[in-house]
Amino acid sequence: MQTSAPRVAVIAAHPRKRSFTLAMAAAFADTARAAGCEVDLRDLYRLRFDPRLRAEEMPDHLGAAVRPDVARERAAIAGADIFAFFYPLWFNATPAMMKGYVERVFGMDFGYSAIRAGGNQPLLGGRKMITFTSSGAPQDWVESSGAWSAMQKHFDAHFAAMTGMEIIGHHNFGSVGQGMRKDAVDRCRAEVQDRARRVVQVYRRD
């Protein structure tokens, strides 16, 4: 029986091109490609994506329509089986660039349907989402502050419920900063690569 690797969309947000976030996103993308996946890496800052939702895009009136940049993004990632998100935690939360991308791209008619009998319906059932974040604070502080559980509940879980995606992991790297040792970065990269290999193996289609 022939098997095929899943298609993967890697969606990354960091203003610095040479950043921990983009290094980890590239590691995931390269590993998935080496395993036979078709991968589309969306570097939101280099794409100059605009995270601001315009009034005419709001799905609360007849005639609401997406703008060309959103239409391009939807076309680029529409066939993905797995969505991998990479971003830093700012104020212990998802940064504006990634939040705006989710609001605009994964909104009505892509992530969920227009309101019908019974309300909105998820449109991405069967797809998977995995997230890799980083924080300057150590992981134990992120957890003890309540930020970790709050983000998983108010962002990850709600996002998945609205779209129908299955969460297959959220991994945060704590104590990430400019003075980070190379061996520490290499350990994080190896962990991301290992996760990518496991994800591809588990979700091969047959």
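Biologist: Which residues does Ala-114 touch, not counting residues up to four places away in sequence?

Modeller: First, the ground rules: this is a predicted model, where local features need pLDDT of at least 70, side-chain atom pairs count only at pLDDT 80 or more, and totals for chains, interfaces and linings use all residues. Residues are numbered from 1 along each chain as its sequence is written, and side-chain values use heavy atoms, with hydrogens and water left out. A contact means heavy atoms within 4.5 Å. By that rule, Ala-114 touches Met-108, Asp-109, Gly-119 and Asn-120.

Biologist: Is Ala-114 buried, partly exposed or exposed?

Modeller: Buried means under 20% relative accessible area, exposed over 50%, and partly exposed in between (1.4 Å probe, protein chains only). Ala-114 has 25% relative accessibility, so the class is partly exposed.

Biologist: How far does helix H5 reach from its first C-alpha to its last?

Modeller: Helices are DSSP runs (H or I, at least four residues), and strands are too (E, at least two), numbered from the N terminus. The expected span is 1.5 Å times one less than the number of residues. H5 has 17 residues, with 24 Å expected, and its reach is close to that: 23 Å.

Biologist: Which residue just after H5 takes a positive phi?

Modeller: H5 covers residues 147-163. Just after it, a phi of about 90° belongs to Gly-164.
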